Amino acid sequence: MIKYLLKLRRCIQTHTPMIILCLLLFSTLPSVGSVSLFPPGQETSDDDLVTICVVAEQSQEPLTGAVVRCEGVNPAITDTEGRCVIKLKHGANKLKVTVSYIGYKTFTRLVTIPEDRKITLQLKDDSKQLDNVTVTALQRHTSVLQQSSAISQEALEKGGATSLAKLLETIPGVSSISTGNTIAKPVIQGMHSSRILLMNNGVRLESQSWGADHAPELDYTGSSMVEVVKGAECIRYGFGAMGGVVLLNDAPLPYGNKALKVNGNVNLGYDTNARGLSSSASVETGYKKFGLRLHGMYTKGGDYHTADYVLNNTGYNTISLSALAGYQGKKITATVFSSIYYQRSGIYYASKVSDIAQLIKRFEYGRPDPETIKPFSYEIKPPFQQSQHVTLKGELKWDINKNHQLDVTLSFQENLRQEFENRKKTQWSWIPMQDLILKTYKFDVLWHAKWKLWKMTTDAGLSNTYQTNYNYPGTKQPAFVPNFAALSMGGYFLHKAEFGKLQCALGMRYDFRVLSVNGYSSLSNYTYYDDFKLYSNFTMSFATHYQFNDKWDARANIGWSWRPPDINELYAIGLQDGSYWVVGNKNLASERGYKLVLGTRYRNTWLSVEPSFFFQRINSYIYDHIGEGKDRFHNHPSGKYPKFIYDQDDVKLYGGDIEATVKPIDRLTFVAKGEWMFARNITHNDWLPFMPSDRYGLSATYDLPLTKDYKYRSTLSLSGIYVTKQTRFDPDKDLVPDSPPAYFLLNGTAEFRIALPMKRELKFMIVGENILNALYKEYTDRFRYYAHERGANFSLRTLFKF
């Protein structure tokens with residue numbers, strides 16, 4: 001089998017990229033059985049075998065997947081224990097070995113072979129190099145038991161003003177649901193909003209982010225790693241993580257410096273579409289046991305344009321500041337994190353139509369009336385949203401001994417949200433129709449233990465959350481959601497064990513949530529009500545991972561999860577985003593279900609293939625759908641709007657994704673991706689609305705050193721994304737009889753890097769999105785009834801690291 005793989009590699013190296021793409025699409029995977037490192041029939045003496053163990057210098061943890069190269073021997077890859085075995089020439093007593101691993105400095109040295117024929121090599125951390133996916137290797141918060149993917153550091157650097165949801169679309173199985181250009185939320189295998197937890201530096205984001213029309217108040221430009229977990233992770237992170245979790249984490253603080261040293265980076269950019277400006281900067285320093293990092297971000301943009309026209313009142317303005325300080329002693333590590341995030345997002349106003357017949361014609365036309373289009377402007381008028389989010393977090397880690405650790409976390413979040421709509425009187429339009437403040441207090445305790453038997457570990461914790469939501473008076477309108485107070489408490493444990501090549505994890509958790517509500521239910525006579533809700537549930541998960549050999553592994557994860565109804569799903573009533581009317585349902589029950597995720601991975605030095613499959617069943621699934629008959633539209637003084645009503649049914653979702661990476665020659669990489677899913681309403685035996693359609697991607701990246709010393713380097717990449725037409729929907733349950741056609745987007749990046757003295761670096765980037773300026777619509781966008789998506793955009797960026 002090795003002979004066939006080597007022949008295939010030589011063939012790929014000598015033929016054109018077109019043949020490579022065909023191989024990606026149509027070839028079968030190589031056998032994943034156990035592969036011998038030695039030719040058949042050749043006798044192997046134990047004296048000629050050397051065992052090499054590769055570990056991290058600081059943590060001494062084994063590094064799985066490190067590439068070990070020796071003169072005259074085929075490259076080897078370390079297993080889950082960081083080991084590999086190689087055969088040397090008879091009588092050799094010295095060995096020149098080179099070890100490479102993402103996130104660590106390449107190790108090259110002439111080593112004397114000891115009598116026991118075992119060599120341990122320690123790789124040094126290379127956190128300042130920030131090469132592709134470097135921080136993922138340094139700051140990974142998931143294990144091989146979880147189906148997860150990470151965004152590379154370079155992708156974060158290119159992001160600029162791109163929303164987090166759009167950035168995550170590069171991961172298979174992740175798409176986005178949006179309301180216009182500036183409001184977008186990630187979708188993991190069909191799940192979004194409160195079914196996806198967003199963890200910012202270990203703190204669960206708590207904001208008025210219910211529904212598809214509220215973008216998360218998060219600044220990812222300060223994160224060193226963004227990771228997506230696709231399984232149901234309610235055990236670890238609490239109720240609500242039915243679809244998955246998005247983790248944003250900073251790199252460790254620079255403790256241990258004997259002299260005061262300052263490092264950081266500055267990232268500046270300009271976007272041609274919307275004439276947007278974006279900038280971010282980070283500064284960090286450390287001295288002995290202390291560390292400090294400061295970060296800031298600012299973006300501003302005006303009206304964006306599609307391929308054919310400008311959409312007015314779609315500007316944005318965002319400011320973010322954060323600070324992380326810490327102390328690291330022998331037994332105690334203490335950190336304090338604080339951040340403030342402010343954003344204002346304009347909403348396309350041409351959705352205001354006073355006649356139902358005209359509104360239906362607008363849906364059929366699917367774009368603005370040319371007479372309503374005005375020249376480009378940075379000005380943001382009603383309707384628009386603005387929000388401010390403050391986070392304070394204190395964390396204390398106590399190493400009781402080498403096998404036991406206690407982690408205590410206290411956090412406070414304050415989320416202020418204001419929403420402005422077009423009112424009958426112009427002067428009233430600048431009075432917010434929604435003016436809410438949500439305060440969240442959290443207290444978490446985690447005990448982590450290690451055991452010698454079967455390398456077992458145990459995590460046990462308690463989580464407590466108290467929330468209050470208050471509507472400021474003076475809006476001249478009943479609140480969209482009522483005032484409420486909520487108390488949530490939960491306890492859990494997660495136990496892991498290793499049995500040779502098999503790893504297993506079992507987790508259990510119990511949560512309850514108490515909700516006390518008071519508000520007004522009528523828009524005409526201000527009818528007062530108060531209500532009390534109690535929700536509770538028991539959840540569990542079981543995960544396994546099996547390492548067949550150095551190249552092939554597989555994992556399975558099943559999680560039972562639940563989610564209580566959001567406040568808007570229960571009690572919402574009013575206009576959202578100037579485009580549709582929402583009606584809640586106070587009789588909704590909790591969602592309960594399970595999710596099964598199966599995945600496998602095959603990899604060697606030039607090929608990696610990772611497919612996965614999922615199946616999810618949810619009872620009492622909550623969703624909003626378009627009303628029927630007289631409930632299809634709502635009459636409002638400012639116009640006529642489609643009405644969306646919350647309901648719940650039993651559903652099932654299933655599908656899969658695949659990612660294949662090929663490196664046929666040095667510095668050239670091809671990546672192919674595909675994802676698909678099906679979402680059925682079991683109760684009514686039809687399709688669930690607003691689910692993402694299938695998408696496929698193919699990209700090529702070439703890294704070209706311009707000098708032998710790598711002082712000057714350039715990188716070129718080109719990627720294409722094809723999104724199919726959504727045929728799995730019911731036309732009679734949509735505002736238009738057909739879904740948008742399929743579309744293709746071409747993106748590209750050109751980079752030029754200059755390595756400067758003192759480990760500094762200067763990078764110039766040109767990032768192109770929708771280079772062909774395609775006119776298209778996304779099925780999951782609620783604004784597709786009124787307008788198209790963003791046209792071509794070119795981002796010019798300059799990054800300086802010091």
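Strand β13 (residues 225–229) has 5 of its 5 residues buried, so the rest of the structure largely encloses it. Here, buried means under 20% relative accessible area, exposed means over 50%, and partly exposed is in between (1.4 Å probe, protein chains only). Helices (H or I, at least four residues) and strands (E, at least two) are DSSP runs, numbered from the N terminus. Keep in mind that this is a predicted model, where local features need pLDDT of at least 70, side-chain atom pairs count only at pLDDT 80 or more, and totals for chains, interfaces and linings use all residues. Residues are numbered from 1 along each chain as its sequence is written, and side-chain values use heavy atoms, with hydrogens and water left out.

**Strand β13 and its sheet**

- In a regular strand, side chains alternate between the two faces of the sheet.
- On β13, M225, E227 and V229 point one way while V226 and V228 point the other way, and all are buried.
- Two strands count as paired if DSSP finds at least two bridges between them.
- On one hand, β13 is joined to strand β8 (residues 148–151) by 4 bridges, with the two running antiparallel; here S149 has V228 as its bridge partner.
- β13 is also joined to strand β14 (residues 244–249), again antiparallel, by 5 bridges.
- Put together, 5 strands make an open sheet in the order β8-β13-β14-β11-β12, with mixed pairing.
- Its edge strands are β8 and β12, each of which pairs on one side only.

- Is Y492 buried or exposed? Y492 is buried, with a relative accessible area of 16%.
- Contact means heavy atoms within 4.5 Å. Leaving aside neighbours within four places in sequence, Y492 is in contact with I235, R236, L446, D459, A460, G461, L462, M508 and R509.
- Y492 and G507 sit 15 residues apart in sequence, and their C-alpha atoms are 7.3 Å apart in space.
- Strand β23 (residues 457–471) pairs with β24 in the antiparallel sense over 13 bridges, and A460 stands opposite F493.
- β24 also pairs with strand β25 (residues 502–520), antiparallel over 17 bridges, with G490 and D511 as bridge partners.
- β24 and β25 form a hairpin with 2 residues between them, and G500 in the turn has a positive phi of about 70 degrees.

**Nonpolar cores**

- A nonpolar core is a set of buried Ala, Val, Leu, Ile, Met, Phe, Trp, Tyr and Cys residues joined through side-chain atoms within 4.5 Å.
- The largest one has 42 residues, and F363, F484, L515, V517, I567, Y785 and Y786 touch the most other members.
- Helix α8 (residues 567–571) supplies the largest share of this core, 3 residues.
- Another core, of 30 residues, lies apart from it, with I151, Y220, L248 and A679 among its members.

**Cavities**

- On a 1 Å grid over the protein atoms alone, a cavity is a set of points where a 1.4 Å probe fits but cannot get out, and lining residues have an atom within 4 Å of a point.
- Grid points are joined across faces, edges and corners, and a volume is the space filled by probe spheres set on the points.
- By this rule there are 15 cavities of 30 Å³ or more.
- The second largest cavity has a volume of about 210 Å³.
- Its lining has 20 residues, of which N200, L218, D219, F337 and S339 lie nearest the centre.
- β19 gives the most to that lining, with 3 residues.
- By class, the lining of the second largest cavity has 5 nonpolar, 11 polar and 4 charged residues. Ala, Val, Leu, Ile, Met, Phe, Trp, Tyr, Cys and Pro count as nonpolar, Asp, Glu, Lys and Arg as charged, and the others, Gly among them, as polar.

- The peptide bond from P382 to P383 is cis, with omega near 5 degrees.
- W454 is not a glycine, yet has a positive phi of about 55 degrees; W454 is partly exposed, with a relative accessible area of 45%.

Notes:
1 Å grid on protein atoms, 1.4 Å probe; cavity = no way out; pocket = protein on both sides within 12 Å on 5 of 7 lines; lining within 4 Å.
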